Amino acid sequence: MAVEPVEPVESADPADSATPDSPGTPEIPGTPGTVRPGGRTARVRAAVLRAAEDALVEHGFGGLDLGDLAQRAEVGRTTVYRRWGSSAALVADLLADMAEQSLPRSRSGSLAEDLRANARLVQRTLADPRQGALFRAVIVAANGDPGTAEALRHFYRRRVEEWAPCVTEAVERGELPSDTDPFEVIRAVSAPLYYRMLTTAEPLDEPAADRAAAAAEAAARAGAYRRQGA
């Protein structure tokens, strides 16, 4: 995901110079970052989320500080604390934004081609110096923060839902067992790539992506991902 650099969008709130904000500032009702969509609010959100990406890549979740993000984004501290309220809420909004900006699934009409396209999209994302570091930081944060963990699950659920129809369509064409679980097939494509990113120093390249896609396809055709009890 890439976000174009934005110009300063907001001067510091007057309250910032009088009374410093603290993490205890009450959170604004509703979903963080969705108040008054469009216009100035959209620019503020884009600037702060870009700053959050930078901070996560540089320092990880433990180094994420809302006051620092306000300074990086050149927006008011009060605005950031009021809109997001916590680092976990900000990461949740960042993941929602990443899901919104992810490329749509391939529609080639071939299961092999669609799974390969999915694998290569995951591979390019994880191999990217910025995006790979960002995902590693969020995954680490999810292991210790329930809110971040739920946001990460929601992100991947949306991505799997986006790509699952290519498996459903293969079932309808008679290429796979009728009780194949599309979600399990899509998860099987990306799992080896995440494992490689997190546990080895081996290259995360296109051949690795193609092998992951081919293995998931072969297993699906053999009935490995049939629904239990179906």
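What is the mean pLDDT of the protein, and what share of its residues reach 70 or more? The mean is 82, and 82% of the residues reach 70 or more, where pLDDT is the predictor's confidence in each residue, on a scale from 0 to 100. This is a predicted model, in which local features need a pLDDT of at least 70 and side-chain atom pairs count only at pLDDT 80 or more, while totals for chains, interfaces and linings use all residues. Residues are numbered from 1 along each chain as its sequence is written, and side-chain values use heavy atoms, with hydrogens and water left out.

Let me stay with confidence for a moment. In the protein, confidence is lowest in helix α1, residues 14–18, with a mean of 38, and highest in helix α11, residues 206–221, with 98. Over residues 1–37 the pLDDT is below 50, and this stretch has 60 contacts in the model beyond near neighbours in sequence, a contact meaning heavy atoms within 4.5 Å. Where pLDDT is low, the predicted coordinates should not be read in detail.

Now to the overall layout. The protein has 11 helices and 0 strands, and here helices (H or I, at least four residues) and strands (E, at least two) are DSSP runs, numbered from the N terminus. Of the 230 residues of the protein, 45% count as buried; buried means under 20% relative accessible area, exposed means over 50%, and partly exposed lies in between, with a 1.4 Å probe and protein chains only. If we take the contacts in the protein with a separation of 6 or more, residues 24 or more positions apart account for 72% of them.

Next, how do some of these helices pack? Two packed helices are described by the angle between their axes and the distance between the axes. The axes are lines fitted to C-alpha atoms, for helices over the stretch in contact, and the angles run from 0 to 180 degrees between N-to-C directions. Helix α2, residues 39–59, packs with helix α5, residues 87–101, at an angle of about 105°, the axes being 10 Å apart. The two helices α2 and α5 are therefore roughly perpendicular to each other, on a scale where angles under 35 degrees count as roughly parallel, over 145 as roughly antiparallel, 65 to 115 as roughly perpendicular and the rest as oblique. Among the residues that meet here are Val48, Leu49 and Ala52 in α2, and Leu90, Val91 and Leu94 in α5.

A second pair is helix α6, residues 111–127, and helix α9, residues 165–172, whose axes come within 10 Å and cross at roughly 170°. Helices α6 and α9 are therefore roughly antiparallel to each other. Their contact is made by Leu111, Asp114 and Leu115 of α6, together with Cys166, Val167 and Ala170 of α9.

Let us turn to the aromatic rings. How many aromatic pairs does the structure hold? It holds 4, where rings of Phe, Tyr and Trp (its six-membered ring) pair if their centres lie within 6.5 Å, and planes under 30 degrees apart count as stacked, over 60 as edge-to-face and the rest as tilted. In one of them, Phe155 and Tyr156 have ring centres 5.0 Å apart and planes at 80°, so the pair is edge-to-face. Phe155 counts as buried at 5% relative accessibility, whereas Tyr156 is partly exposed, with a relative accessible area of 24%. The rings of Tyr156 and Tyr194 have their centres 5.5 Å apart and their planes at 85°, so this pair is edge-to-face. This pair links distant parts of the chain, since Tyr156 sits in helix α8, residues 146–163, and Tyr194 in helix α10, residues 182–199, 38 residues apart. Tyr194 counts as buried, at 16% relative accessibility. Phe135, Phe155, Tyr156 and Tyr194 form one aromatic cluster.

Helix α8 also holds Val160, which counts as buried at 11% relative accessibility. Leaving aside residues up to four places away in sequence, Val160 touches Phe183, Ile186 and Arg187.

I will end with a residue in a loop. Glu74 is found between α3 (66–73) and α4 (77–83), and it has a positive phi of about 60° although it is not a glycine. With a relative accessible area of 44%, Glu74 is partly exposed.
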